[in-house]
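The sequence and structure come first, and the text follows.

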Amino acid sequence: MSKQFSFPFYNTILTHESGVTLTLPGNMTEIAWLNAPSAHVARQFQKRAQRKLLKQGEYVELLHYLPEGETEVREVKVKVPASREGGYTGHEITFEAVIWRLRQGEILGVVPALAVACLCWDEEQIMQRVSECIQLEMLRNKRFGSARSLIACQWYAPPKVVREEVMLEFYTPAELADLRRQQDEPVIAKTARRMHRSRASVFGLDAYVDTLNRNLLGEFRQSVLVVGPSGCGKTALINEFVKRHFTGVNSNKIPWRTTAAQMLQALTQQGGWRHALGLWVREARTNGEIIYLGNLSELFEVGQYQGNSVSIAEALRDPLSRNEVTLIAEVTEEQLAAIDLRAPGYSQLFHIVRFTERGEEEENQIARQAIQAQADLFNIRIAPNAIERIILLQRRYAPYSGYPGKIIRFFENMILAARKDNGAISENEAISASCEESGMPRFLVDHQARLDADKVREHFRRRIVGQTQAVEALVRAIITVKAGLAPRGKPIASLLFVGPTGVGKTEMAKTLAQFMFGDEKRLLRFDMSEYSDPYSVTRLTATGEASLVTKVRQQPFSVLLFDEIEKADPAFYDLLLQVLGEGRLTDDHGESANFCSALIIMTSNLGAQQFMQNSVGFSTEDKTDAAAQRHFEQTAAKYFRPELFNRIDQVAPFFALTQAEQMIVLQKEMRRLQGAAGLSNRQVSLNFEDPVWSHLNNLPSDPRYGARSVQRLLRKHVTAHLAPALSARPHEDPLEITATVSADALSFDARVTHQEKRARGYFMELTEKVAAHRRDLQALQESPTWISCLSELDQMDARKRRKRNSFWEDPEQTRRYGELFNLREALTQRIDDAYALENECLGQLLDQHSAMRAEDYEEALRELQTRFDDFLIEIESTLNPHYNRHLLFVYGGQPQLDRLSLWYERWFEKLDHDYTRVWIYLDPDLDANPITEAVPHGEFVELVTLPPYKVSKDMLTQEELPLIGMGWVLSGACVQYFWRHDHGKVDWATEEDKNAPMYIDFNDAKLDEYEVPAGIHRMKFYKDMKAHRKVREEEYQDERFGDPQTYQDLFGHSERVKHKAARSLQEKLLARLVIRQEKKPEDKKRGAKSAYDDAAGGLQE
């Protein structure tokens, strides 16, 4: 085992009259450091001695540099004869010599000013020898004949000898053998792998391949740097170069492929990377290797550490300048500019191959050819219109992706998936994959998906009180986008909501985000009162998480809200003009954000005061009046510059609330008040009689403040009276508060109701149920599936920190990161909620007082369990999206089909499962006269009878073909898990349907691959089949969903299939967990009691 020893090391320091210092390491005269600290010189000696001597086993050689005793400085006088030309007379010159005492009695005299040294073994003769050496040096360099040369020798102050301590490591013979063996081992193979010759074809890169060939394989080899935007084909170019030029006799010289991370990991296995990098360069030079580094900018980010500011890329500057290594790398134009700024002249060490800008049609043609070649390679059929549709969608909704690479990579992923599935890619599948990747709503981008304007209006009317004209304007904008009539190169839509405060403008924007993207969090809100001066406006384009550019880059598919836009500084309107006109904005670091996938909403109070100044009370006028529309449009046109106003798609006016609308807002705010902590956390029952509502609605309020005026009214007349009534009673007392109207004033009567009895055993049982639910969550947290998710998220976090803003340029990566991040946050929140409810239950066991009623605990537990089921479904849906498609069929007579299909579609809608109906018909001609075809199978021929069934997406009449079944193409989160247990024979328990059996079938295949069960239209198909389900009126029996002897209501079937699906998923996700040792019977009995004892002890402490 190696050992470390400390040795004294001496440096000689000479100081020139100008103040410049020279530091000579040890007793060496051939090396000097200019203005270097003595400690630094000692460290450099330590490193070189360790590498050059000790690692080579040259221990004896080291003794020459380490003195045996202390050093001393002595004066030496040398006689200078008179000049022959009479320039100066004879005289003496004094020099300082440093005397070193070495091992074995050697004495070394060194004159630092002349770099003269002499060696002898006699202490008395050393000074004489030094003097003779000085004279010889002067004669050799003809100093005696030049007064200038003599004076130059005297410009140094007397030398100083400084002692430093150096730590050196000595190795055993075995360790020295290992070191020598490591030096002989190849280094490049540890950092890289040979590139593979790709089977894929590339198009439009012939000229670039020839350029690479001339520079990398020509007579004068030179490293090459490929420059171009992301996705333009840089990597494909390098792969094609390898494919064309490294075959046959050149196959053993295939270039190596590595990355910055791989190099750093391999080069630092034995300590610092500098020595290993030197061996790496030597091997590359000796063997004439070509090495592909990937992204060059990443090489500038690795290798630095405290005390060393040099990266691996900068350490390669000298080998590159001497042409000792031949490298291939790639960068974007932005990354190249950053490299030149950080290391000027570095890019000139490469021959730069720069991609020229292509036209859009040329890029599309390259994409078509590459996709078709890839599909042919794997025998995959792609629908002709699928490629064109995806090109259009990617151009419209993937603004940060490079073309044509992004489109090609998209189809490569689909082709790989199709190899495992059905060997074909339809337009519908391509659109689904694009929506999953980008986050865009399916109904907007799919031509086949219908958008019912009435349903859109109803969605907004449920959330927004009144504002019919504004809702209509928003619906028109959404329908315009759906119809594909919105112009490209600008945001999806830009709307200006104008009206008084508190009437629903901001709520409308939140509702729009929820409708478009399924989540209000997709609303990016900027309060423009915070940007009321020019300096604050610059924060919108600054670098940082809070800037407008960064937020839109992170979440390009969103609703962007500029609230109270009239309060912004006019400088903001210049930025807004660029956003609305060109759909893009650039920050101060050159990063651009594309707004073409965002909906821009601006709110303002412009013109509201003038419009309402003649109104008394609440407005009762017709809110679709064209005069109101003209008023707000004219006011906005006067306020905004013409070029900005003309870029706003629509001005949507908002109006004051009518009396009836005020009542709706009043009831909504009252429900919100009942959810406040002071009421929801204790047993309080509020009773409001009808006169109370009328009284509150008739109280005077200011229409200028809309719903906010209603909120103030409640605080003044309700909250202010409720607070004393609640504060006067103990928290645990159950209260019943009744509000009445007396003498045009509200009064509140509070009384204590009967305290309900809580059995201790009940709460112990409930506590155990909550604890069991919490343990289920923790088991999921420890499952291999979840650990795999967290591992993937950690890797993406590391990549995000390394790439910073460029991390968000990949839409697929952004979508995947968002999914995993939301899953992690959701599980953490669910565990916290379970712990909170468990603590509530334990607190009830301890003191018999709680802010919740007994039924509230049960309801809270049911809610937690429901959320847990939803979470299990969300996990599986995210990790395995192929479970999100399913086929379900019902066969039987026409009356029974109508009744059962109605129930199924109710269940689908309740579970938010999308469905498309199909009908199965019987062809009587084929049934009576079956057709047989000969199908070849190798050397044999099989006779196959064609089935007499027709599966149609169009409904036919009974006169055309008789209907024997119905089916649904289902899509939704884990829809397969919901309905795969719903199969088998169904018997009707009613007299009129007793002899009308039915059959439920399911399939995971594509619709065009589904085969109808043979003979299902005949009674003998059902003859020996056991019925799993019996149906009567609105009830059914099914042993798979409960007690087989008990009828259950059909209404609850959707909840039962959901519960069964969640349990199947839970069992699957936890299947690989190590099974915990089963508790002993007495331990099970003590479960809740032990939890109670542990909690009691903790609370007492």
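## Report on the predicted model

At 5% relative accessibility, R553 counts as buried, where buried means under 20% relative accessible area, exposed over 50% and partly exposed in between (1.4 Å probe, protein chains only). The model is predicted, so local features need pLDDT of at least 70 and side-chain atom pairs count only at pLDDT 80 or more, while totals for chains, interfaces and linings use all residues. Residues are numbered from 1 along each chain as its sequence is written, and side-chain values use heavy atoms, with hydrogens and water left out.

**Salt bridges**

R553 forms a salt bridge with E809, with the closest N and O atoms 3.2 Å apart. A salt bridge is a side-chain nitrogen of Lys or Arg within 4 Å of a carboxyl oxygen of Asp or Glu. R553 lies in helix α24 (residues 548–554) and E809 in the loop between α34 (784–803) and α35 (811–847), so the pair ties together parts that are 256 residues apart in sequence. Helices (H or I, at least four residues) and strands (E, at least two) are DSSP runs, numbered from the N terminus.

**Nonpolar cores**

The largest nonpolar core has 61 residues, and those with the most contacts inside it are I382, F460, M508 and L512. Such a core is a set of buried Ala, Val, Leu, Ile, Met, Phe, Trp, Tyr and Cys residues joined through side-chain atoms within 4.5 Å. Its largest share, eight residues, comes from helix α21 (residues 468–482). With neighbours within four places in sequence left aside, L512 is in contact (heavy atoms within 4.5 Å) with F460, L474, I478, V559, L599 and I601. A second, separate core of 48 residues includes L777, W907, L1050 and V1057. In soluble globular proteins, nonpolar side chains tend to be buried together.

**Cysteines**

The count of disulfides, pairs of cysteine sulfur atoms within 2.5 Å, comes to zero. The sulfur of C120 is 6.3 Å from the closest cysteine sulfur, in C118, which is too far for a bond. C120 counts as buried at 3% relative accessibility, and C974 counts as buried at 0%.

**Sheets**

Nine strands form an open sheet with mixed pairing, in the order β31-β28-β32-β27-β34-β33-β35-β36-β37. Two strands pair if DSSP finds at least two bridges between them. The edge strands, β31 (949–952) and β37 (1048–1049), each pair on one side only. Strands β33 (residues 984–988) and β34 (residues 998–1003) run antiparallel and are joined by three bridges; the partner of G984 in β34 is I1000.

Another open sheet has five strands in the order β18-β19-β22-β17-β23, with parallel pairing. Its edge strands are β18 (523–527) and β23 (650–653), each pairing on one side only. Helix α27 (residues 626–639) packs on this sheet, touching β17 (493–498) and β23, and its direction makes about 125 degrees with that of β23. Axes are lines fitted to C-alpha atoms, for helices over the stretch in contact, and angles run from 0 to 180 degrees between N-to-C directions. Five bridges pair β18 with strand β19 (residues 559–563) in the parallel sense, and F526 stands opposite F562 in β19.

**Strand β13**

Strand β13 (residues 326–331) is mostly covered, with six of its six residues buried. T326, I328 and E330 lie on one side and L327, A329 and V331 on the other, and both faces are covered. Strand β10 (residues 224–227) pairs with β13 in the parallel sense over four bridges, with V226 opposite E330. Strand β12 (residues 290–295) also runs parallel to β13, joined by four bridges, and the bridge partner of I291 in β13 is L327.
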